[in-house]
Amino acid sequence: MPPAFTPLPAVPDHPALERDILESWQRETTFEVLRAANSGGPRWSFIDGPITANKKMGVHHMWGRTLKDVFQRYKALNGFDQRYQNGYDCQGLWVEVGVERELGLNSKQEIEEYGLAAFANKCRDKVAWSAGEITKQSQRLGMWMDWGNDYFTFSDTNIEYIWRFLKVVHEKGLLTKGYRGTEWCPRCGTSISQHELHGSYHDATDPSLFVRFPLADPARHGQALVIWTTTPWSLPANSAAAVNPEAEYGRLENGDWVAVARYPRETFVEQVKGEALVGLAYTGPFDHLAPGAAVQHRVIPWAEVSLEDGSGIVHIAPGCGGDDFELSKVHGLEIINPIDEAGRFLPEFGWLHGLSTVEAKDKIIGDLDERGLLVQAGELVHRFAFCWRCETPLVFRLTDDWFIKADPVREDLLKANATVEWIPDYFGKRMDDWLRNLADWNISRKRYFGLPLPFYPCSCGHLNVIGSRAELEERATAGLEGLEELHRPWIDGVTIRCAGCGAEDVQRVPEVGDVWLDAGIVPFSSLGWMNETRVPGGYANGSARGLSGADLNDHEYWQGWFPADWVSEMREQIRLWFYAMLFMSVILEGRAPYKKVLAYEKLLDADGREMHGSLGNAIDADEAFESMGADVMRWMYCAQPPTQNIRFGFAPANDVKRKLLTLWNSVSFLVTYANIEEWQPRYSDLADGPQGDLNANDRWLVARTQALVAEATAAYEEFLTVGVVRAFESFVDDLSNWYIRRSRRRFYGKDEAALSTLWYALTTSLRVVGPIMPFLADHLWRNLVAGPCADAPRSVFHAGWPTPNPALADDALIVEIAELRRVVELGRQARASSGLKNRQPLRRLVVQGGDAARAHVEEIQEELRVKEVVFGQVEAVQLRVKPNLPALGPKLGPKLRDVKLALESGAFEDLGGGRFRAAGFELEPNEVLVERSSVEGWSLAEDLGLTVALFTALDDELLLEGRVYDVIHHVNSLRKDTGLALTDRITLRLPADDIDLIGFAARIADETLALDVIFEGDEIAVEKSISGTR
RNA sequence: GGGCGAUUAGCUCAGUUGGUUAGAGCGCCGCUCUGAUAAGGCGGAGGUCGGUGGUUCGAAUCCACCAUCGCCCA
């Protein structure tokens, strides 16, 4: 009979075995078979957050992808029917900016010159390429998804769903067009929304200027306000100067007005409260230019004016700052907008015309200096916002944008969020914070390849909002014939009839939409919300044509899969995808689109730095697959608590490999001896437990395996992979370092119980860890189970989730063995402190406490190499008694201190029976902890409630045996040094002086595989025997 | 400026409802095993648990303030 199992190499080659398994999965259609088997079962709805398809993935993407795959696999093992739809985010700035770079385009003007149709096609090509790469990488990671039926957010269907949403928003009166200030990227030529400002703040150096604004009142001739600003480019747009009405202001000898608190060492010739300055007129810093000349500059009160920095007087330019803009509404200030879309000064600013805000800085400072208005120019380092895509410093700019009002839905959003279970829960608070502070959602972007906003404002004042392609076609008056897809430039050629006045030539606004509309609509668009009939392949239209075969589902389908049971993305998605989905879902359906969210922190390099191409510390995913293997990567992600940044690198990967080696070695051990003994496993054992005459250790390992299943199940159900990893690591340690070590010799003979117990435990653990390490688990499953058992599934993923078997659980036994191991561990400590070598046998060990281990005297003897183990009273000259705090604390309260001191100082009376009297209290046995100190001739170790005492005196018999073990040790070292194989037999020569060991010759021969033992000469020598092996 | 987290051994991290001597892995040192063997096991050194106060019989744990770091917002 051929060996049942394939021998394992010394070390696993993860990448190689993973490629093997991928091939097997493909050949055997493992995933498809699993899906089919679960089809029609209970549903578990997971919605995949779309990954931006503009490049390949890095290892930081793999964390989330791993978690998604782990829980989909876990749920599949439990029989749940799932959708497995992957999604790609396909339009908007991310994609555009990448394409711009490739084409060498640097401004919106250059894009328009290049041609919007050609640009759109390039963007689409980029997405198609990236989606292909991401698919391949995800498959390599082991991710099981319905590849080929992915959703692409730039499909016409997705766009139509957003149109429909926007129409609802308009009907509810939530859509507004606003002339507002926003953060603006001058390079991209578009406003940047609140949620896009994430991580955009870096320290930057700005000028810090103190500038004179001469007062206009003739009575105050020669006097000036000294204002402070960090944005010189905004000075030509000045309308007002703000003072803190409650603060004291003073006039210096030279006529300059400043806040007194800012200049404690100066003397002032006049001092007034800020409110007294309010209303004073002054000459603006750039009144020689037309915009400034047209403004009545004056002093206004503002309680927010800080006395912590600057001069205590603040320059106000409502066209250049958010606070300034708000103040302009309160005080009716003129608004001057100095810059155009590209961030350059407008023509009416004369000599500044065409300069960028950065270029204008030095010229403005120089000009002020020449005109004697500059008091002081320094520099200041502060936090400043940059464009998230191109790193250009953002400016504040007033612009027309489209908004969805936040206030009317805020309460509903908070209520909906309260129904969501967030893991970890503090992320739920984050979402609440975000929702409470939410400003109106700026949904418009002045860009090209994105969702075309379906807004058609008519000159009659009516705003037409188109809700679908059908509606567009019905109302179109021109341009339909050129409408290839719902993207610019094609959509821009379509004009419609106004529903208000009937005008025939109403044009769409040029803006496109925020990408988070694209992603937020997914729970509706991909599931077929409000769609009457299912259209096979009907999702993949427009730009997505040819990229996917996804269906347009119908409303019944939507009802079956909405809301998602679970979604999972990285932390920053709170204010992005999670938020966008929540918002859109609350508008459309009045409830949250997901029930549970698992969010996780950030991936850093092994030293805790962010991974950046420029730092050279980024790890390419493909490189990681080939050097670590996907399982090792997945293990690292899963070992990470989601509340903590992960430190990812090659050194941590090596630690993981070493841990996995213990499992590998354990399997290898089983395979080696099962093959030698020609042992065959029975698949039915997996359900029923190992058969045969099990001893206590066997029953313990079986019970321990049941405990592993229970712990892992609980952890998976909480969506915390780290719990699974910890349970598994501890299990493998128990299996390898207790079970195998204790049972080793049983494997040298054909012990059916030992073999089938170890097989049962290992095989069950593979099933438990499969979702986390699918490759290694299936690889070993195929060797241990699928190979030898004809009636077993080929893949561990067809074996289902292990069913707990109460008949095999035994908590008492687990406690018993734990106690035994504690006794052994203490015994080792006692041995170590005695200074005697482990191979020196000792006479006697006394164990006090640890009664649960009583049945294991023989094992303790073997482990500690003592001849006798006695459970009983440890003889001791000295007792130490300590209070049992949890018992005595509540009982004695403050008087506990007295008892404790009395016991410590030895001022107690032994009442016998474990009772003591101290400080006037009688203490029961359960209220004290008694410890013993070492006695002459004994080595002692103790732990809570457990004391072991090792009798260390040696007699002749013990010394003789010690020499026997020394010889065995020495011979085996020689065997290894001379390069003998493990099974080689030898002829052993021992020194003639050791003739007194002749009584142990058989034992020595047995332990060293010696066929002959000869006592002659004066050295130990080994020689390979030619008379055969065993 | 407000909010959410974090701070425990050289490094990476555990530490359940407050309880006795605060743990693990890696690294280091020593020992050990030699039929899992280019593995395995055991022991040791190493910590004023960020700081200061407070609550309590008792605080790494609860509270307040402070410091440092990260994140979110203004």
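Predicted model: local features only at pLDDT ≥ 70, side-chain atom pairs only at ≥ 80, totals over all residues.

Modeller: Residues are numbered from 1 along each chain as its sequence is written, chains are lettered from A and ligands numbered from 1 in the order in which they are written, and side-chain values use heavy atoms, with hydrogens and water left out.

Biologist: What makes Asp 69 and Arg 634 a salt bridge?

Modeller: A salt bridge is a side-chain nitrogen of Lys or Arg within 4 Å of a carboxyl oxygen of Asp or Glu. For Asp 69 and Arg 634 the N to O distance is 2.8 Å, so the pair qualifies under that definition. Asp 69 lies in helix α3 (residues 59–77) and Arg 634 in helix α20 (residues 630–638), so the bridge ties together parts 565 residues apart in sequence. Helices here are DSSP runs (H or I, at least four residues), numbered from the N terminus. By the salt-bridge rule the count is 71.

Biologist: Why is Asp 778 called buried?

Modeller: Buried means under 20% relative accessible area, exposed over 50%, and partly exposed in between (1.4 Å probe, protein chains only). Asp 778 has 0% relative accessibility, so it counts as buried. Its salt-bridge partner is Arg 782, with the closest N and O atoms 3.2 Å apart. Arg 782 is at 17%, and therefore buried. Both residues lie in helix α26 (residues 774–786), four residues apart, about one turn of the helix.

Biologist: How do you know that Arg 742 and Glu 859 form a salt bridge?

Modeller: Their closest N and O atoms are 3.0 Å apart. Arg 742 is in helix α24 (residues 721–748) and Glu 859 in helix α28 (residues 857–864), so the pair ties together parts 117 residues apart in sequence. Arg 742 has 15% relative accessibility, so it is buried; Glu 859, at 14%, is buried as well.

Biologist: Which residues of α7 and α18 meet?

Modeller: Contact means heavy atoms within 4.5 Å. Phe 165, Val 168 and Val 169 in α7 meet Phe 583, Met 584, Ile 587 and Leu 588 in α18. The residues of this contact divide into seven nonpolar, no polar and no charged. Nonpolar covers Ala, Val, Leu, Ile, Met, Phe, Trp, Tyr, Cys and Pro; charged covers Asp, Glu, Lys and Arg; the others, Gly among them, are polar.

How values were computed: Helix = DSSP H or I, 4+ residues; strand = E, 2+ residues; numbered from the N terminus.
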